[in-house]
Every structure is written in structure tokens, then in C-alpha cells.
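I opened this notebook to keep track of what I looked up in one structure. The entries follow the order in which I went through it.

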Amino acid sequence: MTRKPDFHVPATEDFDSPHALFADLRGRCPVAWSNDLGGFWAVTSHADAKRVLEDWRLFTTTVQNVVPPVATTQRRPPLHLDPPDNIPYRNAILRFLTPQRLEAWHPRIATMVARFLDPWVAKGGGDICADFSFLLPIALLAEFFNLPPDDAERIRMVGSEFNMALQRQDLDTLRAKSDELYDIARSLIEDRVAHPRDPDTDPTASLLAVRVDGQPLARDLVLGALRQFLLVGIIAPTTFIGSMAVHLARHPEDHAQLTANPDLVPDATEELLRLYTPYRGFARTAREDTELGGRQIKAGEALAVVFTSANRDAAIFADPDRFRLDRPARDLLTFGRGPHMCPGAPLARLLLQEVLRQLTTRTARLTLTAEVEVTRWPEYGPLRAVFNATPR
Ligand code: HEM
């Protein structure tokens, strides 16, 4: 539907410009319509974002769940299903993310971070996205899903091309790359069917072992779920690690403070996850006409839950644009809320804390050597960020 727009999605952006736009919208029009990117409401305040995420009966993920919309005929659980249908898919994965399981991941993650970071520091830096932050989450995902090294390499190539096509809105390439990711997921399922594994140690086997009313999950939905997992855990850490590095380069005093006090790293990671929240375009569709933030939303209209904005809402976070370690409990929306809240959040936090710890203990200083190139909706953060890294 076409309405009179409250804002336009800028044709070009830089690392800071989205925050300026969202601050303006929060001030004058916290639920704002744009005719760009297929037409959508940007929900920018913390309270409205929470309401949309929690009221899943009114705001569904089954129609359009991302802005801009990605044309697809296939459902990818758990994100594309409403409760209770999404729950078995989540549970099949959540069993691998208990505190005890995560404890065991800690040393493996530390080794993985060092494997990719040490060469980057040794060569004096470079593009942190291409050389480090894109490689690391794929390596983690490959270990998490017990993938053979060839598949991990293929996901790295295809995931990168998929992300670039998404940024350029090159729909033909996007579909082709999505199909390739489906092929990888399909061969993983075929392998686990032919060579069964223990559902307690293998996430794909766990999905195949789920029974609802005595029946296995539909095979095409297991395929969709695996395809979802193969990508969803890669993009956010990639851009967010870039944002962390940009922050350290711009604020050497914060870098020095973390180098001197590594025990501040968990709090610092939370504060950076608030300031540089990597998703702004996860979406819902209104099932019925409703009112939100004083605006009349029509049934069928898309709403982007702008996490990147909600986490800088001054109604919740005093002095919202400043990095502060002395905040009381942070009511972060970085990982969403409600029935689709990110199941990978504990693993992501472990990974990101380790990255921040090693970045600040292995480098004395990071200096940006070029303008940061940034992602477009639905993400926020660097696509390319080139640094000089001074080793410690
Ligand atoms: C910085 C890292 C990450 C961020 C910021 C992030 C953020 C999010 C957010 C905001 C959602 C909710 C989307 C919505 O409500 O529409 C989500 C969902 C999801 N995330 Fe993450 N994520 C991260 C890493 C990961 C990782 C490492 C994994 C895998 C292990 C993962 C797996 C998922 C899955 C499967 C969903 C869909 C859940 C559902 O629909 O029930 N994420 N993530």
C-alpha cells in the first residue's frame, strides 16, 4: 500500500547516519511509514518494539519477516512459523545451548578466535570483515553442526555471495545462492539419514529425531530450518565484530581500559551490543487493523522492528549514545524478545566476548585507514572496515 511517507530510506549511508535518522524518528514519529523497501512501518521506540515482538497473535512472522522482503516460496522454521509450530525446531537446537554445553565451548572458541585473529594482527591488520569476522562465525557454525571442512568452505563462499546480493538487492543471484544453501542443507540431511548420528551430539540428528504427536517433522521444514541456521548465525556476528573494532579505533581510551581490565569485557560487550545492534529489519505483518504508537496500521502491512533504534531509546537508556559501563541492568532488544528470541544468543555472547578480550589484549591500538563501508537493511554495521593493528 502507498501512503504519504514519514521518511525515506537514504540511498547512501555511513556508520553513524542510521543512528541520526532513528533518533529523529524516535523524537517526531516513533512508528513511521516509508514507501521504500517494499513499503513498511519502522517501529523505532523500545516500548513499541517490545509490544510488536510479544504480541505474536497480532503481529505474525508467517508473511513478511524481513525488510526488504526476500521473495521465497519456502518456509524456514523456526522464524517463519508462529507458536506453537516453531517450538519443536527451537527445542531441537536449544538443548545444545545449555550453560553446561556452553562451558565446554569456551576453550574451543578461544582457540578458534586466536586461529583467525593472530594472523590478522601479525600482518598489521587489514579488512577485519573479510579477513576475520566473516571467517570466524562460519568456523563456529561448522563445528556446531559437525560439518565436513568442504561444506564449511562452501558456506563461506555462498554465504558471502548471498550477503552481497542482499546488499545490492540482486534478486536473481539471491535466489541462486539461497538454492545453493538449500543444497548444502539437503546433503547434510541425506548424510544423517544414511549415517545416523546421536541426536544428543548432532543438531541435524536432533531435528530429525523430533516427534510431534508421534510424527517426525515434515522433511521440507527440517530442510528449511537447517537452511535458516546455516545463514542466520553468520551475518550478525560478522558486522557486529566490525562495529566493535570501529568503536575501539574511535575510542582508544575504551580500548586501553579493557586491555588493563579484561574482567570488564562481558559488560563492555553488552554495552556494544546495545550501541551497535546489528539487526534493524526483522519484520512482522499485522494480521488485523490496529493502532501502534498513535498510528493506524492496516492488516497486511509490514512492520520492521528496528532493534538498532530501540536500544538507543532515551526512555530506557539514559545518555543513549554514550558507551557506559555503569548502567544498571540493560533491557536489551539486540537478540529480540518473545517467541522468536534468538536461541543462539548465549553462544553469540560467548564468541563476541572472546573476540573483544583477544582484540584488546593482542592489540595496543587499532586505527581506521579508510572510510567504513556499511551494510544496508536488514542489517547495520560494517561490510568493510580496514585497520592498522598495532600488536601488543
Ligand atoms: C550477534 C549475533 C546475533 C544477533 C544479534 C542475533 C539476533 C537475532 C534476533 C534479533 C532474532 C529474532 C528475530 C525476530 O524476532 O524476528 C534472532 C533469531 C534467531 N537467531 Fe540469532 N542472532 C545472533 C546470532 C545467532 C547465532 C550464532 C545463531 C545460531 C547458533 C542464531 C540463530 C537464530 C535463530 C535460529 C533465530 C530464529 C529463532 C526463532 O524464530 O525462533 N543467531 N537472532
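This is a predicted model: local features need pLDDT of at least 70, side-chain atom pairs count only at pLDDT 80 or more; totals for chains, interfaces and linings use all residues.

Entry 1, Asn146. Asn146 is partly exposed, at a relative accessible area of 26%. I place Asn146 in the loop between helix H6 (135–144) and helix H7 (149–168). Its phi is positive, about 55 degrees, although Asn146 is not a glycine. I noted this because most residues other than glycine have a negative phi.

Leu37 belongs to the loop between E1 and strand E2 (40–43). Is Leu37 buried or partly exposed? I found a relative accessible area of 24%, so Leu37 counts as partly exposed.

Most peptide bonds are trans. One joins Val67 and Pro68, with omega about 0 degrees. The other runs from Pro83 to Pro84, with omega near 5 degrees. Where does Pro68 lie? I find Pro68 in the loop between E3 and helix H3 (87–94). Pro84 also has its place in the loop between E3 and H3.

I listed the strands in order and got E1-E2-E10-E7-E3, five strands in an open sheet with mixed pairing. The edge strands are strand E1 (31–34) and E3, each of which pairs on one side only.

I followed the pairing of E7 on both sides. Strand E3 (residues 59–60) is joined to E7 by two bridges, and the two run antiparallel. Across this pairing I see Thr60 opposite Thr285 and Phe59 opposite Ala286. With strand E10 (residues 302–305), E7 pairs in the antiparallel sense over three bridges. There Arg284 stands opposite Leu303.

I also checked where the side chains of E7 point. In a regular strand the side chains alternate between the two faces of the sheet. In E7 (residues 283–286), Ala283 and Thr285 point one way, while Arg284 and Ala286 point the other way. All of these residues are buried.

Which residues come nearest to the ligand? Of the 23 residues around the ligand, I noted Leu79, Arg90, Arg284, His340 and Cys342 as the nearest. Arg284 was already in my notes as a buried residue of E7.

For Leu79, a backbone N or O atom is 3.1 Å from an oxygen atom of the ligand. For Arg90, an N or O atom in the side chain is 2.7 Å from an oxygen atom of the ligand. For His340, a polar side-chain atom lies 2.7 Å from an oxygen atom of the ligand.

Entry 7, the space around the ligand. I checked which space the ligand takes up, and found that it is the largest cavity. Helix H10 (219–250) and helix H14 (345–362) are the elements that give two or more residues to the shell around the ligand. How many residues of the shell come from H10? I counted five, the largest share.

My last note is on the make-up of the shell. I sorted its residues into 16 nonpolar, five polar and two charged.

Terms used. Residues are numbered from 1 along each chain as its sequence is written. Side-chain values use heavy atoms; hydrogens and water are left out. A residue is near a molecule or strand if one of its heavy atoms lies within 4 Å of it. A polar contact is a pair of N or O atoms within 3.5 Å; within protein, one must be able to donate a hydrogen and the other to accept it, and residues adjacent in sequence count only if both atoms are side-chain atoms. On a 1 Å grid over the protein atoms alone, a cavity is a set of points where a 1.4 Å probe fits but cannot get out, and a pocket is an open set with protein on both sides within 12 Å along at least five of seven lines; lining residues have an atom within 4 Å of a point. A molecule sits in a cavity or pocket if more than half of its atoms lie within 2 Å of its grid points. Helices (H or I, at least four residues) and strands (E, at least two) are DSSP runs, numbered from the N terminus. Ala, Val, Leu, Ile, Met, Phe, Trp, Tyr, Cys and Pro count as nonpolar, Asp, Glu, Lys and Arg as charged, and the others, Gly among them, as polar. Buried means under 20% relative accessible area, exposed over 50%, partly exposed in between (1.4 Å probe, protein chains only). Two strands pair if DSSP finds at least two bridges between them.
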